[in-house]
Amino acid sequence: MPQDLVCELLAPAGGPAAFRAALAGGADAVYCGLGNDFNARRGADNFDDASFQKACQEAHVAGARVFVTMNVLVTDDEMPAALALAARAVRLGADALIIQDWGLAAEVGRRFPQAEVHVSTQANIQDPRGIQWCAAHGYERVTLSRELSLEEIAACCATGVECEVFGHGALCFCYSGLCSMSALRGSRSANRGLCAQPCRLPHELYSAQGKRLGPVAWERGLCPKDALSLDHLGELVLMGVGSLKVEGRMKAPDYVLAVVSAYRSALDHVARVRSRELDPEVRDSLFRQLKRAFNRDFTDGYLMGISDNSLMSYERSNNRGELVGHVVRAQGHEAAIYTQAPLGKGDLLELRPKDHPETFLTTNAPRDVEADSQVVCGVKRPVPAGTPVRLLRSQEAIVAAERLQSAPYSSKRPVSMHIICKLGQPLSIQLCALPRRDASAVAVSVQGPVVEAARTKAVTAQDLQEHAGRLGQSPFVAASITVDIDEGCGLGFSTVHRLRSQAADALEEAICAPYEKRVGEVAAPPSWRQWCEQVASWRQDAGLTAGKPGPKGEAALRQAAQEAQVCCVVSTPEGAQAALAAGATRLYAPADALAQGGFPQETIPWLDEVCRLKDHGRLDRWVVPEAPCAVGSMSEFALAQQRGAAPEIRPCIGVSNRSCVTALEEAGASGFWLSHELTVAQMAPVCAATSLPCGLVVYGQERAMTSEHCVLQMADACSGHCDTCGLRAQKLYLKNIDGRALPVTTDLQGRSRIYWDQPLDAVPKLRELLGAGLTRFMVDATLLDAEKTAASVSRLREALEAVATGEPLPAPEAGSVRGHLFSPVE
């Protein structure tokens, strides 16, 4: 394995304690949230300014970098506050900002060159074309979608752009950045940092006739196992992966310490033996360490290009730990346990009966126990013999993480030391902090008093090595000490100790100096008025036509209604004809539907929200020079830009502020479809920022999730051939714990889309939507038959006519919802 291939180990920190655990575990970089407003784990402890600055200093001295997560969508009114947070983060020591919102990314890149911009996995980048677009717009790193295979990752890395790959931890069922399930179920949005994780709750598969499909124990249809890349580290390093990410900003410090240190050991082993694979003994030891931290069992399915049922944890969504034995007998409040693996005193054990798993209980190991032996544990009640016993949490890891909090430094950086002790010259100590992956070597030299001849016993090189090498109270540890000394030198060891301390202090200051210099260099964030003026100036400099506010007054509103376009996205030729006959003026259809033929020539491609290398052949053909297309991924947006097409931005890309509108319009966008997670008030400034048309889906069942794993596999009857799958032709539903029946479809690629059961109906609110500046209104007829499509389009057309003539609008459809038009998501 080439020695110059070094992969960063990126660790999570939900707060200061986990941050110290990450450094102690050997992380090259740590990602965390500053404040609780603009990051995807707003429920974590996160950091205030003081604790963040302290953490940055400790990390930098240790040779690690710090990344701040700003991986949420930002509304227009929030942008100045988001930029103020970015400015604070950079001033306090952040090395990079991880960003989802394209408007915020553009703003940060323009304003704060002192820090890198990393594109978040929430931005849904899945192929080399999307990566190259990010690089062309100045972004230094791209975090790839978690669903990519090793082959796809290699192709992404071959672009030469630094790629971050998901290495370990919890997997979302939905592609990141495409999930609306949490916001549809309540007010907590996954794109705003407060996902309620409904995917971990029960979801069972049913037919339209109400028959439950699949094994009875498979209750959690949307719950994947946790990702594990331990067996592929050599391959990932060889293909040039820039960063291996460990998930877990909501995890405890002992989890972070255990997992990060395991991957540190594994990466170091791979580099040391220069092999693609870990030695079996090393692998088994590290795997056990990982199993004793929180896990839902492990999968490497996505890396292997597999998304079958082996990916899923259908039976349970909580911690599985490690299977360490079984109950031999239980009586009263005692259970005798046979151990197939060693236990440590205090380890948390779970006893979960096979026939009645809901009656599980927990206990603690009373002492250290070797493998292949028995131990008696206290229990609240008897459990059947044969009950599996799992170790859920290692007491040793908890103690190790707690011990870190009182240590002066969680991680010590190796240094080389050179001592010069020459008669008639000042005593000199040179300290050099050894380089790490992204930390250059830093060296200092300090001088003490002039060295005189010894009056009694002369000092030796060994004496100097021993006394100068005592760096225990500093953040450094001596990796090597060399001495250049004359014979007969006389020195007091207190002089050596003082000079050693001065050298350590000077080195720490030298490492931190570039960050302290930033305080006066980082641009002040704009006020609201300044930001509005700066975006207007940006648009003018880019040659973009200025927008204007939505219509004011009844006459203007009526005129807007007359000019508004009635749009419809359909999935069949019959639906297309029905929509046109009912008055649709703009028609869209998905690529797979268009490929079947029979659609009117004017139908506009509604391209997928997922675009991986394997999708290029079926999607790229619909991106035609000078012709409109609606793009759901940055890859297809990049292609449209290259080919001179007219791309409209689908809602899944997430346009929620005027900076985003400007950045994408400058890059070639010809229109915008806004997200249903925005309120009318939040849409208005976005529409006003551009002269391009902005639209909204006002009727239809909203897509809640898009997953690479086919939900229909829950029926346990997959043939592996999507084109002939009988289940795909049926109407199937996921029933959740609220009793909702969520429609499910699966396409020819085996990807599933889950829809909300209640249709969105914003048609009765057309006056407010027109007043916000929207000019295109869409019926999403994806799940509608031709008759219902015609009725829905007619209703929309008639409602616009009603606004134009001052007539009342229709009442909401029974059982419908109006989304978050007037109630913002959290």
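1. Buried means under 20% relative accessible area, exposed means over 50%, and partly exposed lies in between (1.4 Å probe, protein chains only). On that scale D297, at 23% relative accessibility, counts as partly exposed. The model is predicted: local features need pLDDT of at least 70, side-chain atom pairs count only at pLDDT 80 or more, and totals for chains, interfaces and linings use all residues. Residues are numbered from 1 along each chain as its sequence is written, and side-chain values use heavy atoms, with hydrogens and water left out.

2. Backbone at D297. D297 is not a glycine, yet has a positive phi of about 75°. The residue sits in the loop between α10 (280-291) and β11 (298-299). Helices (H or I, at least four residues) and strands (E, at least two) are DSSP runs, numbered from the N terminus.

3. Backbone at N46. N46 is another non-glycine with a positive phi, here about 60°. Its place is in the loop between β2 (29-32) and α2 (49-62). Is N46 buried or exposed? N46 is buried, with a relative accessible area of 4%.

4. Helix α14, geometry. Residues 528-541 form α14, which has 14 residues. From first C-alpha to last, α14 reaches 20 Å, close to the 20 Å expected at 1.5 Å a residue. The expected span is 1.5 Å times one less than the number of residues. Just after α14, G543 takes a positive phi of about 75°.

5. The buried residues of α14 are W531, C532, V535, W538 and R539. Viewed down the axis of α14, they fall within an arc of 120°, so they line one face of the helix. The arc is taken from the directions from the helix axis to the C-beta atoms. R529, E533, Q540 and D541 are exposed, on the face of α14 turned away from the buried side. What do the buried residues of α14 pack against? They pack against α3 (79-92), α4 (102-111) and α20 (658-666). Contact means heavy atoms within 4.5 Å.

6. Cysteines. How many disulfides does a search of the whole structure find? It finds 0 disulfides, a disulfide being a pair of cysteine sulfur atoms within 2.5 Å. For C134, the closest cysteine sulfur is in C163, 9.6 Å away and too far for a bond. C134 counts as buried, at 0% relative accessibility. C532 is in no disulfide either; its nearest cysteine sulfur, that of C687, is 15 Å away. C532 is buried too, with a relative accessible area of 18%.

7. Four-stranded sheet. This open sheet has 4 strands in the order β20-β19-β18-β22, with mixed pairing. Two strands pair if DSSP finds at least two bridges between them. At the edges stand β20 (442-450) and β22 (476-485), each with a single partner strand, so one side of each has no neighbour in the sheet. Neighbouring strands are turned by 15° against each other on average, direction ignored. Strand β18 (residues 413-421) pairs with β22 in the parallel sense over 9 bridges. S416 has S480 in β22 as its bridge partner.

8. Helices on that sheet. Helix α12 (residues 461-468) lies across β18, β19 (426-433) and β22, and runs at about 155° to β22. Helix α13 (residues 493-518) also packs on the sheet, touching β18, β19, β20 and β22. The direction of α13 makes about 150° with that of β20. Axes are lines fitted to C-alpha atoms, for helices over the stretch in contact; angles run from 0 to 180 degrees between N-to-C directions.

9. Strand β13 (residues 334-339) and β16 run antiparallel, joined by 6 bridges. I337 has V375 in β16 as its bridge partner.

10. Surroundings of P12. P12 lies in strand β1 (residues 8-12). P12 is buried, with a relative accessible area of 0%. Not counting residues up to four places away in sequence, P12 touches A18, A22, V30, Y31, V246, E247, G248, R249, V256 and V260. P12 and V246 are 234 residues apart in sequence, but 6.4 Å apart in space, C-alpha to C-alpha.
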